[in-house]
Structure formats: structure tokens, C-alpha cells
Amino acid sequence: MLVCGGAFTLPLSADQTEDARAARAELEKAQADIERLKEVLSELRQEASGLEAELKDSETDIGRLQRESGELEQQIRDGESRLQELHKQAEQLQASLDAQQEQIARQVRAAYMAGQQGYMKLLLNQDDPGRMARMLRYYEYVGRARVEEIGRFNDTIAQVQQASAAAAAQQAQLQEQREGLASRAEALRVEQRRRTQVLASLQGQQRSQSEQLRSREAERAELARVIKRLEEAVVSIPTPAGNQPFAQAQGKLPLPLRGRIQARFGSQRGSDARLKWDGLLISAAAGSQVSAIHGGRVVFADWLRGSGLLLILDHGDGYLSLYGHNQSLLKEVGTWVQPGEAIATVGTSGGQADPSLYFAIRHRGQALDPARWCMLSG
């Protein structure tokens, strides 16, 4: 707070100074944590080759195009609302302009009918000086009011022109956004066809049961490696102040989306009894919103073999929640998210045939049954 243009400043108390230092140190530490996390993620880039690399590129492009399309659709909706407001404003201004024009026309007609006779008679009538003074003031008032009315009329004309120009600009912007959306829709169709071809080729390579098992085991090992490195990187990231510890929310957490549970924790995965699900597979319409089950920081947001577009949240104290097979990812690494905040959209990435969400909870590398943590109904 400054007094007299900065003559002196109010001194901070010792507690305030200490709090400021602590906040600055915490911010610097959090930033260092994020930078270290990004370095780890850079090291974790999968060295996929051949068809897997093509699938990764295709599904990543599809996710980007879907996200951009969603953003453009929202911009178009906002733009159309703005255009309606501008048209309504222009109509109101035009109505006001018509009323002002009629008012000026009446005044002009009245002045024309009266001519200058009344004013000249008043000047020649010297028998009542008081009445003459009042009439002079009246004529002066009428003249000034007429000038002001004409000024308001000109201002309204300018406002009508501005509103019309703004509406035209908004219309042009909407047209540009619609063309951009159409372009992305065509690119999306091309990528989806490409993904279908790549996926068919990849599945052709994994025809036998033993090959499928080896593939699943490789995917599971890849995910375990990623989680292990993430836990090493984020061990010092604190839980945000005011957030309920994740462990205390057991049994009260929501599912990340509404949908049919297609596979449960521990159930057989595929045709091989040796493969088990370590989370839930939830079926939902493509593009459905996936929400964070608890507050936390995004520590992974990328494509991973077997999981597709995967987002991982760190909730502190070694707890992670995983969201896979997404259509698009809405958050970046290092971002804090609140409970219920949208983080992704449901898709088929990672080789899924039907849209669904892979959802899992881990604690220090150990898979936990989501049914013990989340309310599966209600």
C-alpha cells in the first residue's frame, strides 16, 4: 500500500515476510518438480517401431484433431450467440433511430409552420417585457433541444454502423471457424481410415494366442515401467493445501464417468485365463467426458502401448489414478486439476474396437480394486 505517491511503504510483519518466503520457496520447488517430471517423461518416450509407431502417430493425431474440433465447435456456439446479440442490438438501435428521426421531422414541420412570424411579432410587441423575455427563453430552449436531438440522432447512426460492422466481422469469423472445422473433420476421417488399416495389420501379426499373450505382457511391463519412473519423479510433490488426503476418500470417490462396467478388477482379460484386468473397463459413448475422481496433478499425458492416450493423476502419498483408451487428452503434464474436472474424452485409442475407458488406481505400484474406492452406483 502506497501513501502520498510512494513516500513510504507499510512494513511487513515478520510472519508475513516468512510466509512470503515460504510461498516463494514452495513455488520454486513445485516448478523444479515439474521440470524433473518432464525430463523423466522425455526419457520414457517409447521406442515403438513399425506398425505400433504408426498406430501411435495416428491415434495421437486423431486425439489432437478431436480436441481442436471440440474447441472450434465451442467457439462457433459462442460466436453464434454473440451474433444474435449484435443483431438484436442493431434492431434496437434502428428502432431508436427511426423514433428520433420522426421526432426531428415533427420539430422541423412545426418550425416550418410557425415560420419566423411568432418571433418577429414578439420583438415588435413591447407592451409586456416579462412575457417577451419568457418567450425568448422558450425559443432558445426549443432551438437548443432541436440541436441536441440532431446530435443524438447522429450518435445513434454511428452506433448502428458500429453494430452492423461488428455483426459483419462476427459473421466472417464464424465462416472462417466453420471452414476450419470442416477441414479438421476431413483430416479426422482420413486419420480414422488410416488407424483402421494399421490396426488390422497389427492384429494380423498377433493372430495366435501366444502372440497375444506376449503382447499383453509387454504392454503391462511398459505400464509398470512408466509408473515406477513416475513414482520416483513425483515422490516429493506435495498434496495441495485444503485437499482431502486421497486415503480418507476411500469408498466415497465417484467413477470418472457414467457407463456400463464391461470388465471388473481381477476378471479374465480376453481369451487367456492367465491375463487379468488390474482396473475397470467402462463402456461409454465416444467423446463422453472423463472427470478426475480426486484433486491432483497430471504426471503423464501421452500415448502408451496398450493403453492408448493415457492420462495419469498423482494424488499425493503414492496414490495414482489412470485413465486410458481416451479419444483426446484435455490437460497437460504439471497441471493441477480439481475433483470432477474434465481431463479427457472417451475413445478407442490403444487398439480398442469399441469406445471405453480403462480406469485404474495404484498405490506405490500396487494395483487397487476401484470398487473398494469408488461408488459404482448412484
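What share of the 378 residues of the protein chain counts as buried? The figure is 37%, where buried means under 20% relative accessible area, exposed means over 50%, and partly exposed lies in between (1.4 Å probe, protein chains only). This is a predicted model, in which local features need pLDDT of at least 70, side-chain atom pairs count only at pLDDT 80 or more, and totals for chains, interfaces and linings use all residues. Residues are numbered from 1 along each chain as its sequence is written, and side-chain values use heavy atoms, with hydrogens and water left out.

**The chain as a whole**

- The secondary structure comes to five helices and 14 strands; helices (H or I, at least four residues) and strands (E, at least two) are DSSP runs, numbered from the N terminus.
- The protein chain has an accessible surface of about 21,700 Å², and 51% of that surface belongs to carbon and sulfur atoms. Accessible areas come from the Shrake-Rupley method with a 1.4 Å probe, and for residues only the protein chains shown count as cover.
- Among contacts with a separation of 6 or more, 71% are between residues 24 or more positions apart; contact means heavy atoms within 4.5 Å.

**Strand β9 and its partners**

- Strand β8 (residues 308-316) pairs with β9 in the antiparallel sense over six bridges; two strands pair if DSSP finds at least two bridges between them. G316 has Y319 in β9 as its bridge partner.
- Strand β12 (residues 356-363) also pairs with β9 in the antiparallel sense, over six bridges. Here the bridge partner of G324 is Y358 in β12.
- Strand β11 (residues 342-346) runs antiparallel to β9 and is joined to it by three bridges. L329 has A344 in β11 as its bridge partner.
- S328 is found in strand β9 and is buried, with a relative accessible area of 2%.
- The side chains of S328 and T345 are joined by a polar contact of 2.7 Å. A polar contact is a pair of N or O atoms within 3.5 Å; within protein, one must be able to donate a hydrogen and the other to accept it, and residues adjacent in sequence count only if both atoms are side-chain atoms.
- Leaving aside residues up to four places away in sequence, S328 touches G63, Q66, R67, L309, A344 and T345.

**Turns and loops with positive phi**

- Most residues other than glycine have a negative phi.
- β8 and β9 form a hairpin with two residues between them, and D317 in the turn has a positive phi of about 60°.
- R364 is another residue other than glycine with a positive phi, near 50°. R364 lies in the loop between β12 and β13 (366-368) and is exposed, with a relative accessible area of 57%.

**Helix α2**

- L93 is found in helix α2, which spans residues 50-114. L93 is buried, with a relative accessible area of 12%.
- L93 and Q159 are 66 residues apart along the chain, and their C-alpha atoms are separated by 7.3 Å.
- Not counting residues up to four places away in sequence, L93 touches T156, Q159, V160 and A163.

**Salt bridges**

- The count comes to four salt bridges, a salt bridge being a side-chain nitrogen of Lys or Arg within 4 Å of a carboxyl oxygen of Asp or Glu.
- In helix α2, D61 and R64 lie three residues apart, about one turn of the helix, and their side chains meet in a salt bridge (3.9 Å, N to O).
- R64 also forms a salt bridge with E68, with the closest N and O atoms 3.5 Å apart. R64 and E68 are both in helix α2, four residues apart.
- D61 is partly exposed at 24% relative accessibility, R64 is partly exposed at 33%, and E68 is partly exposed at 22%.
- D278 forms a salt bridge with R362, the closest N and O atoms being 2.6 Å apart. This pair links distant parts of the chain, 84 residues apart: D278 is in the loop between β4 (260-263) and β5 (280-283), and R362 is in strand β12.
- Both D278 and R362 are buried.
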